[in-house]
Amino acid sequence: MSSPARRFLFLLSSTRRMGNTEQLAYCAANSLPPSAQQRWIHLQDHPLPYFVDLRHHTPYPTPTGNAQLLLEATLDATDLVLVAPLYWYSLPVHAKHYLDYWSAWLRTPNLDFREAMRGKTLWSIVVSSGDRAETQPLEDSLVLTARYMNMRWGGMLYGTGSRPNDIQDDARALHQAQHFFSESAPAPDSRPKPTLATMQKAR
């Protein structure tokens, strides 16, 4: 029996369109097999309200609007790819804001977000103008996130660039991109994919 098709969600978090990180992500995605589904979302096109920590005051409401769209896309994916240029040794604001909402979804009644994320694979694609070592804080935070959520860590694809299109001169990164998703190739979760509606009905 053939294994279920993988569903990749590419979350673009740069404030620049078609920047170096996005170009490197397209290069990596080009190597995916035709059976792998791809969905690309520019996080700045789906702004989220300011995140408010309600843990000790009131239950989080059921997500609506852009929060619901991003939650549904997250639940649907087997593989989540954060496409994130390095900003001040960390994630860009759009990516960090999206992950902050995971805190809300973890505590949304009738959602069981952590269980739904179990077995998915988290990847990152990062470009910066500095040394690879400068991305370590960003990578560490995502590795810990994956571990906490019982997800697999797929790895980080790193490239060098600052000015527009600099990534096209990084032959090493472009070569690694061609094999990035195939080297680890974790087996997809064979369970039926959950949705916000079905998970709430199940409760």
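Met18 is found in the loop between β1 and α1. Helices (H or I, at least four residues) and strands (E, at least two) are DSSP runs, numbered from the N terminus. The model is a predicted one, in which local features need pLDDT of at least 70 and side-chain atom pairs count only at pLDDT 80 or more, while totals for chains, interfaces and linings use all residues. Residues are numbered from 1 along each chain as its sequence is written, and side-chain values use heavy atoms, with hydrogens and water left out.

Met18 has a positive phi of about 50°, although it is not a glycine. Most residues other than glycine have a negative phi. Because its relative accessibility is 43%, Met18 counts as partly exposed; buried means under 20% relative accessible area, exposed means over 50%, and partly exposed lies in between (1.4 Å probe, protein chains only). A positive phi, near 70°, also occurs at Asn165, a residue other than glycine. Asn165 belongs to the loop between β5 and α6 (171-177), and with 44% relative accessibility it counts as partly exposed.

The protein chain as a whole has eight helices and five strands. From the N terminus on, its elements follow the order β-α-β-α-β-α-α-β-α-β-α-α-α. Of the 203 residues in the protein chain, 45% are buried.

The five strands form an open sheet in the order β2-β1-β3-β4-β5, with parallel pairing. Two strands pair if DSSP finds at least two bridges between them. Strands of a sheet pair through backbone hydrogen bonds. The edge strands, each pairing on one side only, are β2 (37-42) and β5 (152-160). From one strand to the next, the twist averages 15°; angles run from 0 to 180 degrees between N-to-C directions, and axes are lines fitted to C-alpha atoms, for helices over the stretch in contact.

The sheet may now be followed pair by pair. Six bridges join β1 and β2 in the parallel sense, and Leu11 stands opposite Ile41 in β2. β1 also pairs with β3, over five parallel bridges, where Leu11 stands opposite Leu82. Five parallel bridges link β3 to β4, with Val83 opposite Ile125 in β4. Between β4 and β5 there are eight bridges, again parallel, and the bridge partner of Leu122 in β5 is Trp153.

Helix α2 (residues 65-76) packs on it, touching β1 (7-12), β2 and β3 (79-83), and the direction of α2 makes about 155° with that of β2; contact means heavy atoms within 4.5 Å. Helix α3 (residues 93-106) lies across β1 and β3, running at about 145° to β3.

β3 is largely enclosed by the rest of the structure, because five of its five residues are buried. From β3, Asp79, Val81 and Val83 point one way, whereas Leu80 and Leu82 point the other way.

Helix α1 is mostly covered too, as eight of its 10 residues are buried; among them are Asn20, Glu22 and Leu24. A pocket is an open set of points on a 1 Å grid over the protein atoms alone where a 1.4 Å probe fits, with protein on both sides within 12 Å along at least five of seven lines, and lining residues have an atom within 4 Å of a point.

About 320 Å³ of space lies in the largest pocket. Of the 19 residues that line it, the closest to its centre are Pro85, Leu86, Tyr87, Val127 and Gly161. Both α1 (20-29) and β4 (121-128) supply at least two residues of the lining. The lining divides into six nonpolar, 10 polar and three charged residues; Asp, Glu, Lys and Arg count as charged, Ala, Val, Leu, Ile, Met, Phe, Trp, Tyr, Cys and Pro as nonpolar, and the others, Gly among them, as polar.

Key
Points joined across faces, edges and corners; volume = space filled by probe spheres on them.
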